[in-house]
Structure formats: structure tokens, C-alpha cells
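Keep the sequence and the 3D view open while reading.

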Amino acid sequence: MRIAKAAALAALGLAAAMPAQALPGRAHYAVTDLGTLGGDYASARGINAGGVITGISTDADGKSQVFVYAAGRMTSPGALNGSAAVASGINDSNDLAGYAGGYPYHAFRYRNGMLKDVGDLGGGAATAYAINGKGNVVGASLTADGHSEPFLTKGGKVIDLGTLGGHDLGQWNAALGVNDSYQVAGTSWDASGRYCAFLWEAGSMRNLGTLGGSWSEGSAINASGHVTGLAYLPGDLEAHAFLWKNNAMLDLGVLPSSNGFSWGFGINASDTVVGLSQSIRDGVYTDYAFVRDGPKMKNLNVLIPADTGWVLNVAYAINDAGRIVGEGTIGGKTHAFLLTPN
């Protein structure tokens, strides 16, 4: 059996630059290259209501650094203890969440010019993946006995959210999204050995199920408590992006010519979902960024001008104004992008 997280990460690692043909008259978005901090790589992971963007970029020395993009300029707020860092999320107060260091990683919150280690569950290592409007951070932490558990910071404490029943060493259980109502989305192993998306609220964790297969993951949550992520279909040979709402998991499908793999990474208040859909051609895997704002998934590469030189590989986040950020290839390098609706 394939584990959803491992399969998805492997898929991302196989991404290649195969351009999609842009359609004339279909430039629904303007695309902005956010640049880098001096290196060859940048990836935008979050955008807030004000259009401030955060993510990860390499510097001139090849070190991974947090970036903030605002007013047309990418800058770095620095790294925790001077080590490499990744920003995973941003709220409307421009607070950031992420993790820093070599192993063991430390989860941080960046606020008012200061990076603060938010702590852990006793195991000395934690990673943060999202932050809400109140500054509460969620992520994954090691416990004193070496287990990975999802956590939420609240009232100055790191709260263990528990699991769906899985407690074996080596099982990755993590909180990946949080809203202002303290509803948390993530992924956890259950007692039967399945890897499933969850919704945690009011001290209780709910298994969101799958699309008929053995695995799923909840990647992001909006203000209404609706969740997106990916889930395997019967037989575990395909995994599709999903939208969970009204107590049901909706299969968002894949782009045409897909090899059966897609993943929802971001969702806004209108239930618009962004992510990636993978295709394979001549043995080469390619990730294409998608948006799902209606009955069908759309390839973002055919919604930008045809002469940009971009291949948009992954869309990681979307704000309520419909602005989308992610990463793609241009000039043979991977850069962060911003898509602004026309």
C-alpha cells in the first residue's frame, strides 16, 4: 500500500517543466514573478487579505530562508537562531508560522519583527504549518516518548490534539490548517492502520474518511470549517483532491490527461480550491496548478497569457479576493508566483 503523504511528496519530486498550451483570449489572470532572495528557488505558501505573501526562498548561498513579499518587493525577516527556515502560513496581521533549523526543527511564529519558538509537546522538535487570524499556530510535534502528534497553540500553551487512534512510533500525525473558530484540519493514523483526514473542534477529532480508498489528508480549512486535501479512490491507485463540506467528501477530480493524481492545498471563504494535478507523458511526470471554482477543475496554465514563459506547477493558497500563489518554472528555475484575477 502507498501512504498518501509519501506518494504525494514523491510525485512533487518528479515534477518537470512541460508547458501547457495557453488558449487565446483566456487570460483570466495576470502573473507576477515574485523573484527570489538571491538563489534559484522560491515557493509562495501563503497570502493574506492584504495581498502580503510568504514562503520559502534560497539566498545567494543556497540557504533556505523565509520571505515576505509586499509592495512589489521580496525581503527576508531572518531565520530562527540564524538557521534555515520555512514559512508555511500568514494571517491578516502579517504574523507568520513555520519552522526553522536543521533536525530537530523548531516551530515558530513571527510577529512584530520577532521570531519566537512556540515550543513543542516534550520531544524537542516541532513544525508549524498554519496560523489563524488570532495568532494560533498548528503543526506537528514530537512527544517525550517520540510520537508525532498534531498540536494547537492557545493561551501560551502547546495543546496535544490527539490522534484518530494510531499511536505507533514513526506514524506522522499533523495539524495542517486552522481557522478563527479553532477548527483544525490535518491527518492522522487511525487504530486500523489507515491514514485519514481529520477535523478537530471543541476537543474532539472527527475522521473525514476517504473517496473509497485507504488514505486521505486534510491540508487546509476555511472559515466555515470546510476542508480540502487529497484522498485515495477504491484500489488506492488514484488520489484526488477533495472538498469536505455538509458532512460529505466531494471528489474534485483531475485535469484532462492526468495520471489520476491531484491534491487540494488551499481554500478560501467561497470554497474555491487550488492545488496541483499531475500528468505523465513519455515517462515524465508534470505537476500543473489548478483552480476549482465551479463544476470542473481548471488548469491555471491556460488562464494566463500565452507568452509569459511560465509553467505553473503548484498553487498553494488563495485569498478571498481570488489571488493565488504558488510555485512554477520560468527560465529553467523554480520561482514563486502571484496570480491576480483580471
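## A threonine in a strand

Strands here are DSSP runs of E with at least two residues, numbered from the N terminus. The model is predicted. Within it, T228 belongs to strand 19, which covers residues 227-232.

Is T228 buried or exposed? Its relative accessible area is 0%, and buried means under 20%, so T228 counts as buried. The side chain of T228 reaches the backbone oxygen of F242 at 2.7 Å. F242 is also among the contacts of T228 when neighbours within four places in sequence are left aside; others include E217, L252, G264, I267 and V273.

## The largest nonpolar core

In soluble globular proteins, nonpolar side chains tend to be buried together. The largest nonpolar core in this model has 15 residues. The members that touch the most others are Y29, V291, L300, L312, I324 and L339. Strand 24 (284-292), strand 26 (311-318) and strand 28 (333-341) each give two or more residues to this core. Strand 26 gives the most, with 3 residues.

Beyond four places in sequence, L312 touches residues including V31, Y288, A289, L300, I304, F337 and L339.

## Positive phi in two loops

Y182 is not a glycine, yet its phi is positive, near 60°. Y182 lies in the loop between strand 14 (174-178) and strand 15 (184-189).

D271, also not a glycine, has a positive phi of about 65°. The loop that holds D271 runs between strand 22 (258-267) and strand 23 (273-281). D271 is buried because its relative accessible area is 15%, and the cut-off is under 20%.

Terms used
Residues are numbered from 1 along each chain as its sequence is written. This is a predicted model: local features need pLDDT of at least 70, side-chain atom pairs count only at pLDDT 80 or more; totals for chains, interfaces and linings use all residues. Side-chain values use heavy atoms; hydrogens and water are left out. Helices (H or I, at least four residues) and strands (E, at least two) are DSSP runs, numbered from the N terminus. Buried means under 20% relative accessible area, exposed over 50%, partly exposed in between (1.4 Å probe, protein chains only). A polar contact is a pair of N or O atoms within 3.5 Å; within protein, one must be able to donate a hydrogen and the other to accept it, and residues adjacent in sequence count only if both atoms are side-chain atoms. Contact means heavy atoms within 4.5 Å. A nonpolar core is a set of buried Ala, Val, Leu, Ile, Met, Phe, Trp, Tyr and Cys residues joined through side-chain atoms within 4.5 Å.
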